[in-house]
Amino acid sequence: MKLASLKGGRDGRLVVVSNDLAWFTPADAIAPTLQAALDDWANLEGDLRGLAESLEHGAVPRERFHEHDAASPLPRAYQWADGSAYVNHVALVRQARGAEMPETFWTDPLMYQGGSDGFLGPRDPIGLADEAWGLDMEGEIAVITGDVPLGAGRDEALAAIRLVLLCNDVSLRNLIPGELAKNFGFFQSKPASAFSPVAVTPDALAGWRDGKLHGALEVELNGQPLGCADAGVDMTFDFGTLVAHAAKTRALGAGTIIGSGTVSNRSQDGGAGKKVTDGGVGYSCLAELRTIETLAGGAPKTPFLRPGDVVRIEMRDARRHSLFGAIEQEVAAV
């Protein structure tokens, strides 16, 4: 089942989307918003699935689905927490900052709590006030949970995952070191993130196995491929583990979003990944590319994002059909 929120009001309008992303039908009669559906998932899931099946058979009124009309599936959320499941990414970024990586990073996930009072739509521009801040995209996988009790174990946490989606976790790289130096985490360096036009139930994703979504996450910059790392490879912590980590000391309310962190693969020889142009799977953010350039030549060659740059993040099935729709955003000076 595929769900989306059309723009309108702070929380959007819930619709069911066809598997090929071509059509939608309103779900207002079941739940006005995705958050309302998540709050009463046990009672409403069956009705939503029935509506989705009727849409596939052309048995209900339908309209063309246009991704530009979609907000992020949850235009705002009670909670957004982003992990770093791909430790390869953490190692590279810390290497670029000259920071040592503790061994515990391989056994205990990193996680930060981001701003969730308003997300960018998948086709909304990314505002940039100062190029010196070092604007970067981060291609990620994310999940939306139902209620998760305090202290939930991995299996219970995994069972609480309701939907899967893509994320552009926007970062201001040059503000991060100063914030981390205060030993109190991110804030200004993490502006509003964006999510894919459509969120999908795990059972509808052939690549969903053991709490991981297998498949290439395609990241483009200005129409050129930047990365196609497999989200199911080199993921040190699966989503069950990430959700359980978040619930260790607090219950998670329905509608909590948990991110994977930047998708990142190592090369076949175990070293840092190679550029797409060099036969590798590339990178899901510019920070990794700049780190590779620094290691090779002493300094990065690729600039961070500038006004006019266009970022695209998408995942496709074996037949090259888009699974979640595309996040496609232009950087705009503000």
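This report describes the fold, the surface and some side-chain packing of one predicted protein chain.

The model is predicted, so local features need pLDDT of at least 70 and side-chain atom pairs count only at pLDDT 80 or more, while totals for chains, interfaces and linings use all residues. Residues are numbered from 1 along each chain as its sequence is written, and side-chain values use heavy atoms, with hydrogens and water left out.

**Overall form**

The protein chain holds 7 helices and 21 strands, where helices (H or I, at least four residues) and strands (E, at least two) are DSSP runs numbered from the N terminus. Its radius of gyration is 19 Å, close to the 20 Å given by the globule rule for 334 residues, so the chain is as compact as a globular protein of that length; the radius is taken over C-alpha atoms, and the rule is 2.2 Å times the number of residues to the power 0.38. Along the principal axes, the C-alpha trace spans about 60 × 45 × 40 Å.

Of the 334 residues, 53% are buried, a term that means under 20% relative accessible area, as against exposed at over 50% and partly exposed in between (1.4 Å probe, protein chains only). Among contacts with a separation of 6 or more, 72% join residues 24 or more positions apart, a contact being heavy atoms within 4.5 Å.

**Aromatic pairs**

The count comes to 5 aromatic pairs. Rings of Phe, Tyr and Trp (its six-membered ring) pair if their centres lie within 6.5 Å, and planes under 30 degrees apart count as stacked, over 60 as edge-to-face and the rest as tilted. Two of the pairs are set out here.

| Pair | Type | Centre to centre | Angle between planes |
|---|---|---|---|
| Phe 119 and Phe 195 | edge-to-face | 4.9 Å | 75 degrees |
| Trp 208 and Phe 239 | stacked | 6.1 Å | 25 degrees |

Phe 119 lies in the loop between strand 7 (111-113) and strand 8 (126-128) and Phe 195 in strand 13 (residues 194-195), so this pair ties together parts that are 76 residues apart in sequence. Both of these Phe residues are buried, and together with Trp 80 they form one aromatic cluster. Trp 208 belongs to strand 15 (residues 208-209) and Phe 239 to helix 6 (residues 239-246), so their pair links parts 31 residues apart in sequence; Trp 208 and Phe 239 are buried as well.

**Around Asp 82**

Asp 82, in strand 6 (residues 79-83), is buried with a relative accessible area of 3%. Leaving aside residues up to four places away in sequence, Asp 82 touches several residues, including Leu 110, Tyr 112, Glu 140 and Asp 169. Asp 82 and Tyr 112 are 30 residues apart in sequence, yet 5.5 Å apart in space, C-alpha to C-alpha.
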